[in-house]
Amino acid sequence: MPDIRLTVIDPSGLHARPAARFVQTATRFASRITIHHDGRDADAKSLIALLGLTIRPSSEITLEADGPDADQALAALAAELTPYVAAAAEPAG
Amino acid sequence: MVGLVLISHSGTLVEGLRDMVVQVAGDEVPVAIAGGTQDGRLGTSAPHIAAAIRSTLDAGGDDILVLLDLGSAALSLEIALEDLDVADRARVRVSEAPLVEGAILAAVQASIGASIDEVAAAADGAATMAKLPRA
């Protein structure tokens, strides 16, 4: 199952506007998309679930997609979130 | 697409809320507001509410979710709904959700082409959603 790791760089964290863009983009794809943050998971197609993660600035998120268009979905989500996130540094070692 | 009608005792409040809704959810979701009395005081007005509902129906909202603040807003809304014909009344759903948070969650849900049931459920989630980081 493909995934990507991102760091939230927006000084307000993943706030309402980017979260809404995120949900609007995710729902265009058939794949199930999950966002992992700080030991919790949320359905990326649910704004309530996403805002409920209370994702703070500089924190790391992992997006995971499962389905026929998983790779396209992750690419589209990363592109949509570009002003708000950066690729996470690979873990040392 | 499902449309929204936002009702408050304060015109200023719903004008600001509409700005927030459009910025978060985009400008495709039909949103109408009814705030204050007909002479511009704090309060609610059945004719204002009826006009907002009518404009949203006419703007092509398939179904409409109405969110309101409290107190007499519900009474004024009831009066406004009585004037609708049966077919239009069937397209209007009234939400128990908190006005501000519910409107934003509902608008995002509507923006992705969700049904009235899904939009209403999204708004209801506003009552229990987390706002502060987990301790």
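**Ground rules**

I count residues from 1 along each chain as its sequence is written, and I take chains as lettered from A and ligands as numbered from 1 in the order in which they are written.

**Confidence**

I looked up the scores and found ipTM 0.81 and pTM 0.90. For chain B I noted an average pLDDT of 95, with 99% of the residues at 70 or above; pLDDT is the predictor's confidence in each residue, from 0 to 100. A reminder to myself: where pLDDT is low, the predicted coordinates should not be read in detail.

**Chain A, overall**

I listed three helices and five strands in chain A. Helices (H or I, at least four residues) and strands (E, at least two) are DSSP runs, numbered from the N terminus. Along the sequence of chain A I read β-α-β-β-α-β-α-β.

Next I checked the dimensions. The C-alpha trace of chain A spans about 35 × 30 × 25 Å along its principal axes. Its radius of gyration is 12 Å, which agrees with the value near 12 Å for a compact globule of 93 residues. That radius is taken over C-alpha atoms, and the globule rule is 2.2 Å times the number of residues to the power 0.38.

Of the 93 residues in chain A, 35% are buried. Buried here means 20 or more other C-beta atoms within 10 Å of the residue's own; exposed means 12 or fewer, partly exposed lies in between, and C-beta atoms are placed from the backbone. I also looked at contacts (C-beta atoms, placed from the backbone, within 7 Å). Among those in chain A between residues at least 6 apart in sequence, 72% join residues at least 24 apart.

**The sheet of chain A**

In what order do the five strands of the open sheet lie? I read 3-2-4-1-5, with antiparallel pairing; strands count as paired if DSSP finds at least two bridges between them. Strand 3 and strand 5 (85–87) are the edges, each pairing on one side only. On average, neighbouring strands of this sheet are turned by 30° against each other, direction ignored. Axes are lines fitted to C-alpha atoms, for helices over the stretch in contact, and angles run from 0 to 180 degrees between N-to-C directions.

Helix 3 (residues 70–80) of chain A packs on the sheet and touches strand 1 (3–8), strand 2 and strand 4 (60–66). Its direction makes about 150° with that of strand 4.

I then zoomed in on the hairpin. Strand 2 (residues 32–37) and strand 3 (residues 40–43) of chain A run antiparallel and are joined by four bridges. Two residues lie between these strands, and Asp38(A) in the turn has a positive phi of about 55°.

**Where chain A meets chain B**

The contact takes twelve residues from chain A and 14 residues from chain B. On the chain A side, helix 1 (16–26) and helix 2 (47–52) are the elements that give two or more residues. Helix 1 gives the most, with five residues. I sorted the chain A side into six nonpolar, four polar and two charged residues. In this sorting, Ala, Val, Leu, Ile, Met, Phe, Trp, Tyr, Cys and Pro count as nonpolar, Asp, Glu, Lys and Arg as charged, and the others, Gly among them, as polar.

**Chain B**

I listed six helices and four strands here, running β-α-β-α-β-α-α-β-α-α from the N terminus on. The radius of gyration of chain B is 14 Å, close to the 14 Å from the globule rule for 135 residues, so chain B is as compact as a globular protein of that length. Its C-alpha trace spans about 45 × 30 × 25 Å along the principal axes. Buried residues make up 47% of the 135.

My last stop was Ile116(B), in helix 6 (residues 116–124) of chain B. Is Ile116(B) buried or exposed? Ile116(B) is buried, with 20 other C-beta atoms within 10 Å. Leaving aside neighbours within four places in sequence, its contacts are Val2(B), Asp63(B), Leu65(B) and Arg93(B).

How values were computed: This is a predicted model: local features need pLDDT of at least 70, side-chain atom pairs count only at pLDDT 80 or more; totals for chains, interfaces and linings use all residues. Two residues are in contact if their C-beta atoms, placed from the backbone, lie within 7 Å.
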